[in-house]
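Dear colleague,

Please find the sequence and the structure below. My notes on what was found follow directly after them.

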There are 2 protein chains.
Amino acid sequence: MYKFNKKLLSITLGLLCCQAATAAVSIEEATAIQRSLVTLDSHLDTPANLVVPGFDILERHTYDHDFSQVDVPRMKEGALDGGFWAVYSPQGELTTSGYEQSRDTALLRALAIRTMVAANPDVFEFATQSADAEKIKKNSKHIVYMSMENAYPLGTDISLLETFYKFGLRMAGPVHFKNNQFGDSSTDPSGTKWGGLSPLGEKLVAEANRLGIVLDGSHAHDETVKDMIRLSKTPIILSHTGSKAIYDHPRNVDDTLLKELAKSGGVIQMNAYSEYLEELPADPERKAAFGGLMKLVKEGSDRSVILEKRREIEHEHPAVKASFEVYMEHFLHALNVVGPKHVGIGADWDGGGGVDDMMDVVNLPKITKRLLDEGYSKSDLADIWGGNALRVLQQAHDYAESLKTSKK
Amino acid sequence: MYKFNKKLLSITLGLLCCQAATAAVSIEEATAIQRSLVTLDSHLDTPANLVVPGFDILERHTYDHDFSQVDVPRMKEGALDGGFWAVYSPQGELTTSGYEQSRDTALLRALAIRTMVAANPDVFEFATQSADAEKIKKNSKHIVYMSMENAYPLGTDISLLETFYKFGLRMAGPVHFKNNQFGDSSTDPSGTKWGGLSPLGEKLVAEANRLGIVLDGSHAHDETVKDMIRLSKTPIILSHTGSKAIYDHPRNVDDTLLKELAKSGGVIQMNAYSEYLEELPADPERKAAFGGLMKLVKEGSDRSVILEKRREIEHEHPAVKASFEVYMEHFLHALNVVGPKHVGIGADWDGGGGVDDMMDVVNLPKITKRLLDEGYSKSDLADIWGGNALRVLQQAHDYAESLKTSKK
């Protein structure tokens, strides 16, 4: 039975190969090329799973079973070397006690990232310098840079950014879903509060520059992004963002801003968060069912119970996701507007990312295949898959070093 | 040759055994008994070595070569299961920038302890509850509780104590060599500043109680210790302190304070820091040579260079250490005054501890032998070697839990 299937598979692949030869590279070829590059996703929300009891990053999971999207076996299969692993903090009140609680949560998340690496020295290596990525890949390990999504946990104490820098942080975005002490978010239902960065947010930019931390404008309001580009001494990144020309959503940027970003040396990393890629049909029943699920979470129910309920919901009210094609429309549009030196990949894995036919990192070579099919070269792919993000990291580092030298 | 020596050894041991049978247990018997107990040192400064490049806690070191006193092979040989691994922070100025720098140093030291455990899951296990110690010993692993020596890094932000609690901290002392924002030290050359705990120090005591952290009065001025005993809702510990009746030094406590400590349920853990055990001859040449060594350290010289220089100094101007007998005088005196329910062991390993014939943890069974020879029972030894420290930890936890219950 096995042999028969294998043979059939071989015939099928042969046919695909011959058809494809005229127009497109095969997924196997694309995978092989991707495997030869340093591949980084600039926004992995996977550290949230590290603190889930029972979650083992070394084991293979499936999205259908536990809704996770990144683990070592799947990274290997999908040819993903690593990326920026996010210290994400949900936002509470803009009060001292809110800040303190979040500071602790963020420090513990950073600890979780560091202990993941410490516990698996043959699998992961922690990276702080741009050049580390290639060295780590050569050692056949996965690359772990640390980033921060939402600087809310810093409270009003900018000095905490250095604390996180010392923990290894090398990328940080000021805001998340809502405006905070550092500036305006792109999605706060109350509108803008500061008209971009707040005065404290401006200090945050200067401090990130001083330390050598890349500033991340994802989730930030357009005016905040503009302020960041204007004030930052080194190029900024949009670690997981889309093209507004394809879908007019506040989490995406328009061509004017995209060009401004690129002109300043910055990079947009394409987000695969379906709701930001196209208008999806409302599903009030699914929404209501998720309300019930959240109740279970708040009651502190067992993870197995919560997952079982979630699987039920997914069965009864399946999520409508954007298509892979729409994701690539965003991607190719950005490439058309600013070119392959200013576009990369940040799909928001384990943070809501995922489109039809690419619901976890296993399917990443589809992107490579599609870009190769579009005529992008292997060298372009190297930039897109990691080179661009590493370039802005290098620039952030060089600037910080230049300050030290000029002080001497 | 080997066989001959073994035979000779066997004869020698036989003679020792027969001589000892009338008056004393053998070191082998003492070691075996010690091995059957949960053995904890309440003040291990070893985490300072964890951040020294090249230091490997899994490898066997010698004091004569690198002046370290604790590693896994030596813990095994000396029958030490573990202890409270200290987040020690040297004290700078009592200013915001001093506090911030120290906060970061302390957080990184806590990270070093946690990553040591994460990197060696078969060797170490992190402990936060009193009952963890026995479970970990049963799993043949070494026990790692986290403590803090000098609360200076908390600055004026008491909420940071909870941050460290979340990192696993379960014991904390307010001061070190000098007075600080929390109270008076026993050794500040300028004398006392607060007359005991400062108002902020009183808040620290309350917060430690609320969280379930054992308060540590080592290094604190007698008046500070008295304030801690008076204000703390649970018994305090002196994690590494001696008997003033044996040697009148500010780092030791007199019998009155010792009795007050015991009456409140507290514990003194006997310190093996030679300079606090007896008057030692001054050695100005050694002192001057160490001045030169510190210059090398400040210049950032290679560790190998510094160690080579240190070995030279130790050869040319050997340190005069207190004798093991004097250490036991302190120990036995405290036992005579407050009994075996209120005395334990905290020898300040890797923090300056060590006496003649006990310069690292390999020699710990000498203590057990001596206490057995003095007539203390195996049950007493169980209390001394860990039971007492774990009791005050349990009491701190129970009090914190009682607050939660009463709030409900």
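How much area do domain 1 of chain A and domain 2 of chain A bury between them? The figure is about 890 Å², with 54% of it on carbon and sulfur atoms; buried area here is the accessible area (1.4 Å probe) that two parts lose on being put together, summed over both.

Before the details, a word on conventions. This is a predicted model, in which local features need pLDDT of at least 70 and side-chain atom pairs count only at pLDDT 80 or more, while totals for chains, interfaces and linings use all residues. Residues are numbered from 1 along each chain as its sequence is written, chains are lettered from A and ligands numbered from 1 in the order in which they are written, and side-chain values use heavy atoms, with hydrogens and water left out.

Domains of chain A

Chain A is assigned domain 1 (28-277 + 322-407) and domain 2 (289-321), the bounds coming from an automatic or database domain assignment. The C-alpha centres of these two domains are 27 Å apart. Contact (heavy atoms within 4.5 Å) involves 16 residues of domain 1 of chain A and seven residues of domain 2 of chain A. On the domain 1 side, His65(A), Asp66(A) and Phe67(A) supply 45% of the area buried against domain 2, more than any other three residues.

Helices are DSSP runs (H or I, at least four residues), numbered from the N terminus. Their axes are lines fitted to C-alpha atoms over the stretch in contact, and angles run from 0 to 180 degrees between N-to-C directions.

Helix H10 (residues 222-231) of chain A packs on helix H11 (residues 255-263) of chain A at about 20°, with the axes 10 Å apart. H10(A) is therefore roughly parallel to H11(A) (angles under 35 degrees count as roughly parallel, over 145 as roughly antiparallel, 65 to 115 as roughly perpendicular and the rest as oblique). The crossing is left-handed, the near helix being turned anticlockwise from the far one by less than a right angle; clockwise would be right-handed. H10(A) contributes Asp222(A), Val225(A), Lys226(A) and Ile229(A) to the contact, and H11(A) contributes Leu257(A), Glu260(A) and Leu261(A).

For helix H14 (residues 324-338) of chain A and helix H15 (residues 365-373) of chain A, the axes come within 11 Å and cross at roughly 50°. H14(A) is therefore oblique to H15(A), and their crossing is right-handed. Among the residues that meet are Phe324(A) and Phe331(A) of H14(A) and Ile367(A) and Leu371(A) of H15(A).

The interface of chains A and B

Each chain places 17 residues in the contact. The area buried between chain A and chain B is about 1600 Å², 64% of it from carbon and sulfur atoms. In chain A, Leu111(A), Lys166(A) and Phe167(A) lose the most area to chain B, together 28% of what that side buries.

Helix H8 (residues 160-167) of chain A and helix H6 (residues 96-119) of chain B have axes that come within 10 Å and cross at roughly 30°. H8(A) is therefore roughly parallel to H6(B), in a right-handed crossing. Lys166(A) and Phe167(A) are among the H8(A) residues in this contact, and Leu111(B) is among those of H6(B).

With kind regards

Key
Helices (H or I, at least four residues) and strands (E, at least two) are DSSP runs, numbered from the N terminus.
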